[in-house]
Amino acid sequence: MKKRLSFSSLKAFSECEAEAVAVMRGEWDRQATFPPSTIEAMNAGSYVHKYFESEEALNEFKKEHASDMFTKKGTLKSQFQIAEKIVKALDKDPLFKAIYQGSKELEIFGKIQGIEFHGFVDCLNLERNIFIDIKTVRGSIKDREWLESEHRRVHWIEARKYLWQMAIYQELLRQSDDEKRGKKISPVIYAVTKETFPDSAGITVPQDWLDDSLVTVCEAIDKYIEVLNGRMPNRCERCNYCKATKRNLSTISYSDLI
Ligand SMILES: [Zn+2]
């Protein structure tokens with residue numbers, strides 16, 4: 001098991017410990033379980049990031065993904081057509097253009113609860129004391145998504161644990177040796193939608209919500225440390241890994257399903 005964590009590996013661990021541990025041990029390929037449409041959407045998301053990183057980064061991406069981006073007829077695949085629309089929407093968004101300035105795709109490191117973390121900040125704008133993370137959203141900026149663990153619908157920022165990500169990145173930036181970076185820098189989640197007419201908004205988060213999120217992150221890391229120290233990882237019994245490795249040995253009661 002690897003000891004260094006990222007936001008996404010901690011999120012995966014909190015969703016299903018057993019699956020995350022199997023991925024870390026190289027026993028389970030989670031990416032291989034994704035449908036082609038999900039992979040295409042993920043690549044299209046990367047395209048948007050590369051576009052605003054630099055021309056070189058975009059050209060490199062285009063070279064690497066030429067076969068993923070186009071259909072056999074030579075037209076852009078649907079998710080990349082959407083990505084093109086998103087790029088155009090952000091390109092004419094005056095707030096985005098004004099604040100998305102500074103270091104792009106910056107790798108950051110640090111320790112939380114004694115565990116090494118790393119991450120990539122989309123854009124660090126030290127002049128404004130902010131860091132920006134672009135999030136592409138399928139529905140509207142106000143959409144809510146079902147959160148299985150809480151059996152309720154919550155805003156997509158909460159459902160995807162993006163406040164954890166912002167709290168982790170803020171903490172890693174705070175730990176930086178760089179004098180300018182070594183203070184609390186505020187995140188801006190720059191949401192842009194895949195709707196027919198893409199919508200966009202720069203979303204800030206109250207600092208006390210970030211502080212609360214960091215506390216929750218530390219609790220999640222504590223569970224990870226327990227597993228590092230030998231506790232058996234819990235199975236969620238919902239994900240593909242749990243289904244693929246399930247061994248029925250007894251019946252279950254219908255009353256437990258409703
Ligand atoms: Zn599971």
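## Exercises on a zinc site, a pocket and a cavity

At 17% relative accessibility, Cys 236 counts as buried. The model used here is predicted.

**Exercise 1. Which residues coordinate the zinc ion, and at what distances?**

Step 1. Find the donors. They are the SG atoms of Cys 16, Cys 236, Cys 239 and Cys 242.

Step 2. Read the distances. They run from 2.3 to 2.4 Å.

**Exercise 2. What arrangement do the four donor atoms around the zinc ion make?**

Step 1. Recall the ideal. Four tetrahedral donors have ideal angles of 109.5 degrees.

Step 2. Recall the cut-off. Four donors count as tetrahedral if all angles lie between 85 and 135 degrees.

Step 3. Apply it. The angles around the zinc ion are 105 to 118°, so the arrangement is tetrahedral.

**Exercise 3. Is Cys 16 buried or exposed?**

Step 1. Take the cut-off. Buried means under 20% relative accessible area.

Step 2. Compare. Cys 16 has a relative accessible area of 3%, so Cys 16 is buried.

Step 3. Cys 236, at 17%, is buried. Cys 239 and Cys 242 are both buried as well.

**Exercise 4. Which residues line the second largest pocket?**

Step 1. Start with the volume. This pocket has about 170 Å³.

Step 2. List the lining. The residues are His 155, Ile 157, Glu 158, Leu 163, Ile 203, Thr 204, Val 205, Pro 206 and Trp 209.

Step 3. Find the elements that give two or more residues to this lining. They are helix H8 (156–159) and strand S7 (200–204).

Step 4. Sort the lining of the second largest pocket by type. Six residues are nonpolar, two are polar and one is charged.

**Exercise 5. Which element gives the most to the lining of the largest cavity?**

Step 1. Count the cavities. There is one cavity of 30 Å³ or more. The volume of the largest cavity is about 30 Å³.

Step 2. List the lining of the largest cavity. Ala 44, Gly 45, Val 48, Gln 79, Ile 82, Ala 83, Ile 86, Thr 136 and Lys 194 make it up.

Step 3. H6 gives the most, with four residues.

Step 4. Sort by type. The lining of the largest cavity holds five nonpolar residues, three polar and one charged.

**Exercise 6. Where is His 151 found, and where does Lys 161 lie?**

Step 1. Locate His 151. The loop between strand S4 (144–147) and strand S5 (152–155) holds this residue.

Step 2. Locate Lys 161. This residue sits in the loop between H8 and helix H9 (162–174).

Step 3. Check the backbone. His 151 is not a glycine, but its phi is positive, about 50°. Lys 161 is not a glycine either, and has a positive phi of about 55°.

Step 4. His 151 is exposed, at 54% relative accessible area. Lys 161 is buried, at 16%.

**Exercise 7. What distance separates the C-alpha atoms of Thr 196 and Leu 106?**

Step 1. Locate Thr 196. The loop between strand S6 (186–193) and S7 contains Thr 196.

Step 2. Check its surface. Thr 196 has 63% relative accessibility and counts as exposed.

Step 3. Thr 196 and Leu 106 are 90 residues apart along the chain, and 31 Å separates their C-alpha atoms.

How values were computed
Residues are numbered from 1 along each chain as its sequence is written. This is a predicted model: local features need pLDDT of at least 70, side-chain atom pairs count only at pLDDT 80 or more; totals for chains, interfaces and linings use all residues. Side-chain values use heavy atoms; hydrogens and water are left out. Donors are N, O and S atoms within 2.8 Å of the metal (3.2 Å for Na, K and Ca); water is not among the atoms, so sites may look incomplete. Four donors count as tetrahedral if all angles lie between 85 and 135 degrees; four count as square planar and six as octahedral if opposite donors are over 155 degrees apart and all others between 65 and 115; anything else is irregular. Buried means under 20% relative accessible area, exposed over 50%, partly exposed in between (1.4 Å probe, protein chains only). On a 1 Å grid over the protein atoms alone, a cavity is a set of points where a 1.4 Å probe fits but cannot get out, and a pocket is an open set with protein on both sides within 12 Å along at least five of seven lines; lining residues have an atom within 4 Å of a point. Grid points are joined across faces, edges and corners, and a volume is the space filled by probe spheres set on the points. Ala, Val, Leu, Ile, Met, Phe, Trp, Tyr, Cys and Pro count as nonpolar, Asp, Glu, Lys and Arg as charged, and the others, Gly among them, as polar.
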